[in-house]
Amino acid sequence: MNGQQLDCALDLMRRLPPQEIEKNLSDLIDLVPDLCEDLLASVDQPLKIAKDRKSNKDYLLCDYNRDGDSYRSPWSNEYDPPIEDGSIPSDKIRKFEQEANFAFDLYREQYFEGGISSCYFWDQDNGGFAGAILIKKTGDSGNKMFKGSWDSIHVVEIQEKGAGRNAHYKLISTVMLWAVYNNDFDMLTRLVENGANLDSKDYDERTCYNIAQ
């Protein structure tokens, strides 16, 4: 019965206004508490924003920079609220994470002309590393006739080969888009998986370039 209820709940979520997804999800969980975990795992929600008090820069929150109830800033590498023994990347991956945040911050500004981006990377047990590139942009024309939001999450896995000269990439991208014009709305979600190879002396720069493609 729970399977049928979950299918009906997800079908209902797809039909409700996406700009109210958090309220709709909360109301649905209150209505059917047994589906709480399944709904939270199945329904994509807009990215939330926090501010790094040390750098005074905004960053995006997601499962990939969360440890318990705290979130790690890509700018200061510190958790808010502060915690002891929070998960942080190795020195090598942290250096790449800083390069990626700088590169994608420029990309976001030039391509989206605003918004917020955040990149998080972590070490993997198989010797490679993985990361998430997040971009959020909201729009409001000012005349209350058009509003919209773009939330994208790009998760990449990088497996080094050939003593670090080569790497295999696996990329999954999810985009949540809604737009309202004269009370009309729509939502777009797409999943893309691809692979690429790397053979370059400048590993950090070339890796950022391959991910951006």
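Biologist: Let me start with the largest pocket: how many residues line it, and which of them lie nearest its centre?

Modeller: A word on the source first. This is a predicted model, so local features need pLDDT of at least 70 and side-chain atom pairs count only at pLDDT 80 or more, while totals for chains, interfaces and linings use all residues. Residues are numbered from 1 along each chain as its sequence is written, and side-chain values use heavy atoms, with hydrogens and water left out.

Modeller: Now, the general idea. Rolling a probe the size of a water molecule over the atoms shows where empty space is left. A pocket is an open set of points on a 1 Å grid over the protein atoms alone, where a 1.4 Å probe fits, with protein on both sides within 12 Å along at least five of seven lines; lining residues have an atom within 4 Å of a point. Here 22 residues line the largest pocket, and Val43, Gln45, Cys62, Asp63 and Ile153 lie nearest its centre. Its volume is about 660 Å³, counted as the space filled by probe spheres set on the points, which are joined across faces, edges and corners.

Biologist: Which helices and strands each supply at least two residues of that lining?

Modeller: Helices (H or I, at least four residues) and strands (E, at least two) are DSSP runs, numbered from the N terminus. In this model they are α3 (36-42), β8 (146-161) and β9 (166-181). The largest share, 4 residues, comes from β9.

Biologist: Is cysteine 62 buried or exposed?

Modeller: Buried means under 20% relative accessible area, exposed over 50%, and partly exposed in between (1.4 Å probe, protein chains only). Cysteine 62 comes out at 11%, so buried, and cysteine 119 is buried at 0%.

Biologist: How many salt bridges are there?

Modeller: The rule asks for a side-chain nitrogen of Lys or Arg within 4 Å of a carboxyl oxygen of Asp or Glu, and the count comes to 13. Lysine 54 and glutamate 78 make one of them, at 2.6 Å between the closest N and O atoms. Lysine 54 sits in the loop between β1 (48-52) and β2 (57-61), and glutamate 78 in the loop between β4 (70-72) and β5 (79-80), so the pair ties together parts 24 residues apart in sequence.

Biologist: What about aspartate 27 and lysine 23: how far apart in helix α2 are they?

Modeller: An α-helix has 3.6 residues a turn, so residues three or four places apart point the same way. Aspartate 27 and lysine 23 are 4 residues apart in α2 (residues 21-31), about one turn, and their side chains meet in a salt bridge (2.9 Å, N to O).

Biologist: Which residues of α2 are buried?

Modeller: Ile21, Asn24, Leu25, Leu28 and Ile29. They cover an arc of only 135 degrees around the axis, which puts them on the same side of α2; the arc is that of the directions from the helix axis to the C-beta atoms. The face turned away from that buried side carries the exposed residues Lys23 and Asp30.
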